[in-house]
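Please keep the sequence and the model at hand while reading the numbered points.

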There are 2 protein chains.
Amino acid sequence: MTSNATDERERAAARLRGAGLKVTESRLAVFDAFHAGEHLDADDVHTRVAELLPTTSRQAVYGVLGALTDAGLLRRIEPAGSPALYETRTGDNHHHLVCTSCGKVFDVGCVVGEAACLTPSETHGFRIATAEVTFWGLCPECSASGALS
Amino acid sequence: MTSNATDERERAAARLRGAGLKVTESRLAVFDAFHAGEHLDADDVHTRVAELLPTTSRQAVYGVLGALTDAGLLRRIEPAGSPALYETRTGDNHHHLVCTSCGKVFDVGCVVGEAACLTPSETHGFRIATAEVTFWGLCPECSASGALS
DNA sequence: CGGTTGTCTTGACTTTGTCAAAACAACCGA
DNA sequence: TCGGTTGTTTTGACAAAGTCAAGACAACCG
């Protein structure tokens, strides 16, 4: 019987091949590093990858994250005041909720009525490709513990 | 007769005093550096300030920008892939249009129907304070010159 | 299985910004 | 008007996050 872990590796390998990328241990380990709903920075990913492949360099992680992002297998976000974060949920242009106190990030679906709302009132002649929305506020834990921002 | 330049310096000084900040040459020079609608990074500001006050240090500029931002006299934005930018238009929570090719930034008013639209579909229990919207696209010049992104 | 091409390692470097201590300047009150 | 106090600026070291380039190495194709 095939283990789930093996299944996941094979699925990851198939996605890499589909994107025209070579299948390497580093890349599989980066896929392994992400669990659903997480937003990890390059250092988080390096830490997790290094547990399995201790010789993996920081630059390899930057390289993998860049390649996977370019291939559309990861999405990169850069909230103000934070290093770049990566997530596995791609292709749906969802948005983010960031805690101004602890920095935790959550996904939120597209805003209600998106198509009509996210048309800027003046376009300055731009050909607009995407609208990115970030909500800032206090997460339940920080709110409960009395954090002010 | 009073010159416009003197008027502007006095207005800037009054705003500083109103915010409880000491009036210094550096701070007045930073105000001078901004023209309406511009989005300048710390280095841009330092360059302009140094034309008038050549001894001004980089750290003084960071200090002034931080103080003015904290006082609500400047607003800081941090578009992905760019150093922090500052603008003089504050207090109206307007949004931004960023060219993915050349990086130019323009202001846009609040999106149409904002109040209704910018409510996320799931709040994860957050106490939401603000919604930040960034539009990405090609500016007219880059669009005309055939840039692809 | 060997060659080609793309990936990873190593290590220097850049950019953007922060921290801390001492010199200095603005402002208040006498 | 003149000090004194407090806040600002200078100086210089440092830190975080990421980039660049060259050579070693591994994946994939035939």
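This is a predicted model: local features need pLDDT of at least 70, side-chain atom pairs count only at pLDDT 80 or more; totals for chains, interfaces and linings use all residues.

1. What percentage of the 149 residues in chain A is made up of buried residues? Buried residues account for 40% of them, where buried means under 20% relative accessible area, exposed over 50%, and partly exposed in between, with a 1.4 Å probe and protein chains only.

2. Residues are numbered from 1 along each chain as its sequence is written, chains are lettered from A and ligands numbered from 1 in the order in which they are written, and side-chain values use heavy atoms, with hydrogens and water left out.

3. The secondary structure of chain A consists of 6 helices and 6 strands. Helices (H or I, at least four residues) and strands (E, at least two) are DSSP runs, numbered from the N terminus. Read from the N terminus, the order in chain A is α-α-β-α-α-β-β-β-β-α-β-α.

4. Chain A has an accessible surface of about 7800 Å², and carbon and sulfur atoms hold 53% of that surface. Such areas come from the Shrake-Rupley method with a 1.4 Å probe; for residues, only the protein chains shown count as cover.

5. The two protein chains meet: 39 residues of chain A are in contact with 39 residues of chain B, contact meaning heavy atoms within 4.5 Å. The size of an interface is often given as the accessible area lost when the parts come together. Between chain B and chain A the buried area is about 3300 Å², with 59% from carbon and sulfur atoms; buried area is the accessible area (1.4 Å probe) that two parts lose on being put together, summed over both. F126(B), E132(B) and W136(B) give 18% of the area that chain B buries against chain A, more than any other three residues.

6. Which residues come nearest to DNA strand D? Of the 18 residues around DNA strand D, these are K22(B), T24(B), R27(B), S57(B) and A60(B); a residue is near a strand if one of its heavy atoms lies within 4 Å of it. The polar contacts here (pairs of N or O atoms within 3.5 Å; within protein, one must be able to donate a hydrogen and the other to accept it, and residues adjacent in sequence count only if both atoms are side-chain atoms) include a side-chain N or O atom of S57(B) at 2.9 Å from a phosphate oxygen of DNA strand D. The side chain of Q59(A) places an N or O atom 3.1 Å from a base oxygen of DNA strand D.

7. DNA strand C is also surrounded by 18 residues, and K22(A), T24(A), R27(A), A60(A) and V23(B) are the closest. A backbone N or O atom of V23(B) is 2.9 Å from a phosphate oxygen of DNA strand C, whereas K22(B) has a side-chain N or O atom 3.5 Å from a base nitrogen of DNA strand C.

8. Finally, R75(B) lies in strand β2 (residues 75-77) of chain B. R75(B) counts as buried because its relative accessible area is 19%. Its side chain reaches the backbone oxygen of H94(B) at 3.0 Å. Beyond its neighbours within four places in sequence, the contacts of R75(B) include L85(B), Y86(B), N93(B) and H94(B).
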